[in-house]
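Hi,

Here is the structure I said I would pass on. Have a look at it first, and then read on for what turned up.

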Amino acid sequence: MTPRFTMAAGYAVLALILIISVYGLGQSFASSGFKTDDNDLDQEYREQDDDNGRRGTMPMNQAYADECGSCHMAYPAMLLPQQSWRKIMAGLEDHFGENAELDATTRAEIEDYLVRESARQNYRKMFRNLGDAAPLRITELPYFVHKHDEIPARFVADNEKVKSLSQCNVCHRDAERGRFDEDNVVIPGFGRWDD
């Protein structure tokens with residue numbers, strides 16, 4: 001064998017090893033549920049079953065929908081980590097300036113639901129930069145800020161029909177069901193959002 005042939009064969013073997021290694025690494029990530037794109041979160045939400053086995057809908061506790069949803073959107077539990085829901089439920093006597101106290105049984109039922117649902121493995125990606133922090137506002141989550149950082153103030157704060165990013169269901173029509181697909185965002189007065 002000539003030295004040139006030996007060197008070419010060596011490079012071919014190295015290239016093959018590299019291809020196999022990269023493929024194997026990709027397969028490891030895929031089988032572990034690792035996803036590289038935060039846009040995959042919406043797909044994960046759509047794949048959840050609700051309490052009645054329906055696909056594409058987040059489970060919703062009736063007491064939570066009735067009690068909390070009577071004043072504001074019943075935010076899907078997945079939007080805050082467990083420690084945040086516990087802190088919110090412990091401070092209902094001053095819930096963002098309002099008294100939202102509940103009887104002990106209802107409060108316990110709602111807190112159990114929120115903590116259980118927010119603990120689902122596939123939501124933890126949203127909370128990975130929080131550590132032990134327990135933000136009380138969804139709009140304070142680094143993940144949320146990142147996903148909304150390109151939206152101009154004229155679309156939200158300066159928009160009389162929206163007013164605040166906390167009004168998820170104004171632009172995300174299926175927000176209460178846990179569906180936040182960017183392709184379905186419609187901003188009142190401006191139309192479909194095109195990122």
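To start with the contacts: in the protein chain, 59% of those with a separation of 6 or more are between residues 24 or more positions apart, a contact being heavy atoms within 4.5 Å. Before the rest, a caveat: this is a predicted model, in which local features need pLDDT of at least 70 and side-chain atom pairs count only at pLDDT 80 or more, while totals for chains, interfaces and linings use all residues. Residues are numbered from 1 along each chain as its sequence is written, and side-chain values use heavy atoms, with hydrogens and water left out.

The overall layout is quick to tell. The protein chain has seven helices and two strands, and from the N terminus the order is α-α-α-α-α-α-α-β-β. Both kinds of element are DSSP runs numbered from the N terminus, helices being H or I with at least four residues and strands E with at least two. Of the 195 residues, 34% count as buried; here buried means under 20% relative accessible area, exposed over 50%, and partly exposed in between, with a 1.4 Å probe and protein chains only. The chain exposes about 12300 Å², and carbon and sulfur atoms supply 52% of that area (Shrake-Rupley method, 1.4 Å probe; for residues, only the protein chains shown count as cover).

Now to helix α4, which spans residues 82–90 and has Ser-84, Trp-85, Ile-88 and Met-89 as its buried residues. Looking down the axis of α4, these buried residues fall within an arc of 130°, so they line one face of the helix. The arc is taken from the directions from the helix axis to the C-beta atoms. As a reminder, an α-helix has 3.6 residues a turn, so residues three or four places apart point the same way. What do the buried residues of α4 pack against? Their partners are α3 (62–67) and α5 (104–118).

Next, the aromatics. There are four aromatic pairs in the structure. Rings of Phe, Tyr and Trp (its six-membered ring) pair if their centres lie within 6.5 Å, and planes under 30 degrees apart count as stacked, over 60 as edge-to-face and the rest as tilted. One of the pairs is Tyr-64 with Trp-85, edge-to-face at 6.4 Å centre to centre and 80° between the planes. This pair links distant parts of the chain, with Tyr-64 in helix α3 and Trp-85 in helix α4, 21 residues apart. Tyr-64 and Trp-85 are both buried, and together with Tyr-113 they form one aromatic cluster.

Another edge-to-face pair is Phe-155 with Trp-193, at 5.9 Å centre to centre and 90° between the planes.

On to the nonpolar cores, meaning sets of buried Ala, Val, Leu, Ile, Met, Phe, Trp, Tyr and Cys residues joined through side-chain atoms within 4.5 Å. The largest has 28 residues, and those touching the most other members are Tyr-64, Tyr-75, Leu-79, Trp-85, Leu-114, Ile-138 and Leu-141. Two or more residues of this core come from each of α3, α4, α5 and α6, and α5 gives the most, with four. Leaving out residues up to four places away in sequence, Leu-114 touches Tyr-64, Ala-77, Trp-85 and Met-89. Another core lies apart from this one and has eight residues, including Val-162, Val-170, Cys-171 and Ile-187.

Finally, some loop residues to look at. Most residues other than glycine have a negative phi. Phe-96, in the loop between α4 and α5, has a positive phi of about 55° although it is not a glycine; Phe-96 is partly exposed, with a relative accessible area of 41%. Lys-163 lies in the loop between α6 and α7, with a positive phi near 75°, and counts as exposed at 51% relative accessibility.

Best wishes
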